[in-house]
Amino acid sequence: MKKEIRRMLDGNGAATEALKLARVQVISAYPITPQSPIAEKLSELVVSHKLEARYIRVESEHTALSCAIGAQLTGVRAATATSSVGLALMHEILGVASGCRVPIVMPVVNRALVSPWSLWCDHQDAMAERDSGWLQFYTENVQEVMDFILIAYNIAEHTEILTPAMVCLDGFFLSHSTQPVMTPDQETVDAFLPPYRSKNLFLDPKDPMFINNLTSPDEFSEMRFQQKVAFERALDIIPEVQNHFAGIFGRQYGLLEAHECEDAEVVLVTMGSMAGTAKYTANMMRKAGHKVGVIKISVFRPFPVAQLAGLLKGKKVVGVIDRSAGLGAQGGPLWLEVKAALPDNDTRVFDYVAGLGGRDITEKTIETIFTGLLQKVNKKDANPDAPGVCWIDTHPDAMSVREVIVND
Amino acid sequence: MPGQPEKHMNKPGKNNKTRTVYGPVATVFASVNTGSWRILRPGPDHSRCAGCGQCETFCPTGVIEIIDDPAKEGGRGKVVEIDWAYCKGCGICADVCPKKCIRMVEEKKGNENEERN
């Protein structure tokens with residue numbers, strides 16, 4: 001019988017608790033705002049013997065993930081966590097973890113990438129790594145941070161997946177936001193998450209393997225293909241694991257979540273903490289008689305194409321909020337996926353860039369988007385088919401925000 | 001160290017079974033004889049070597065061992081032993097030797113395993 005305790009935790013606290021419940025045995029983390037409390041709390045747990053693990057103090061994120069890979073290959077769960085430029089510094093090693101099929105689960109506290117320097121939330125850090133061969137989960141609230149990490153272990157370590165996973169939580173909006181969280185007991189988690197054993201490659205002096213050796217063009221595509229197959233299988237296995245989790249813990253998750261979509265005239269696709277605001281705003285607008293709905297993408301890699309297309313079938317107008325700029329592309333990364341998932345001509349998909357570098361995505365912003373989308377349905381929009389991305393919350397004086405004195 | 005590659009050279013297990021693994025991995029160690037890369041080799045002057053172990057400490061591939069030499073200093077002598085299968089001839093041992101008694105000498109093909117002073 002499960003025994004859960006209701007605790008007040010912030011996103012970093014929930015991530016730390018989830019890693020502890022997964023019984024990680026090696027930790028190599030480098031602190032970076034807003035992830036630092038994860039690195040700090042894990043070290044406190046190790047020092048106080050509340051978590052029996054080795055803590056490796058590393059000099060960079062590049063080394064943090066390298067150590068985690070080496071450790072996990074010896075047959076233990078290894079933990080690390082990062083954010084922003086820290087994730088960027090891991091870029092090379094992310095590919096080693098995924099290519100060598102080392103199922104590390106890593107909390108990524110989303111923070112903007114340079115430049116401009118920012119400590120605050122957007123999704124560009126994780127979006128820059130969307131093709132790194134890692135599964136990507138995005139969380140809406142602190143409970144999801146806890147639950148998605150536990151679920152991610154079960155998926156990543158599945159014999160048909162063997163792929164590392166990022167569990168993304170919005171910097172500050174989730175990492176530093178204290179919320180009530182149902183925290184499961186160790187015994188129940190142990191039953192859901194059995195002790196780790198290496199199911200594929202491993203490091204053992206008695207049975208040596210040379211892992212990550214030079215691979216010729218004869219076999220490179222084949223090994224990439226193995227990864228592609230894993231991502232395809234993940235679309236089936238993720239819901240299976242989520243259902244298994246729901247059976248034990250009573251909280252049901254999916255690849256995505258639909259909120260008031262069935263009769264909706266317009267649907268807004270969201271990801272991360274903004275989804276809560278979007279659902280709240282949709283409820284308010286429904287009270288005022290507007291038929292609006294929200295979709296929250298929980299799993300971005302693999303992207304749930306069929307599930308999304310099914311939910312949006314017959315919708316004339318769909319909006320997407322991208323919390324990253326997608327510079328030079330036809331739209332932001334989430335919009336590209338949504339657009340490609342839907343058949344041409346049936347649905348018009350509009351992209352809104354919002355919430356960059358820590359800007360709040362407010363009810364007002366969401367309402368403005370919904371109102372604009374409704375006008376497009378009713379053809380009241382002056383130019384309903386205008387191409388391009390709408391930077392919905394960017395100030396109109398963007399091109400002149402900084403003036404300097406001319407020293408002549 | 002000597003003989004390490006041969007130890008694991010594609011020996012079948014007891015039941016001759018195989019299994020499929022994903023990702024880049026090798027279990028046949030066919031290209032580990034990094035000693036073949038040498039252009040220069042360290043030539044220790046054993047008569048002057050004090051057995052201090054600096055070369056052993058600093059060797060980046062860990063192929064140097066200080067061993068007892070019963071024929072030297074009434075049985076208490078030490079000499080340098082180098083694993084030629086792995087020594088790449090980087091010269092760090094010669095550089096750090098406090099007595100400057102390791103000299104880098106030209107590698108000649110055909111006598112890789114013959115030590116010269």
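The lining of the second largest cavity comprises 5 nonpolar, 2 polar and 2 charged residues, where Ala, Val, Leu, Ile, Met, Phe, Trp, Tyr, Cys and Pro count as nonpolar, Asp, Glu, Lys and Arg as charged, and the others, Gly among them, as polar. The structure is a predicted model, in which local features need pLDDT of at least 70, side-chain atom pairs count only at pLDDT 80 or more, and totals for chains, interfaces and linings use all residues. Residues are numbered from 1 along each chain as its sequence is written, chains are lettered from A in the order in which they are written, and side-chain values use heavy atoms, with hydrogens and water left out.

A cavity is a set of points, on a 1 Å grid over the protein atoms alone, where a 1.4 Å probe fits but cannot get out; lining residues have an atom within 4 Å of a point. Volumes are the space filled by probe spheres set on the points, which are joined across faces, edges and corners. The count is 2 cavities of 30 Å³ or more. The largest cavity holds about 70 Å³, and its lining includes A:Q72, A:C100, A:Y196 and A:N200. That lining divides into 7 nonpolar, 3 polar and 2 charged residues.

A pocket, by contrast, is an open set of points with protein on both sides within 12 Å along at least five of seven lines. The second largest pocket has a volume of about 610 Å³. Among its 24 lining residues, A:P116, A:D122, A:L356, A:G357 and A:W391 are the closest to its centre. The lining as a whole consists of 13 nonpolar, 8 polar and 3 charged residues.

The contact between the chains (heavy atoms within 4.5 Å) takes 19 residues from chain A and 10 residues from chain B. In chain A, A:N200, A:P208 and A:F210 lose the most area to chain B, together 33% of what that side buries; buried area is the accessible area (1.4 Å probe) that two parts lose on being put together, summed over both. The two chains bury about 1,200 Å² between them, 60% of it on carbon and sulfur atoms. The side of chain A that touches chain B has 10 nonpolar, 7 polar and 2 charged residues.
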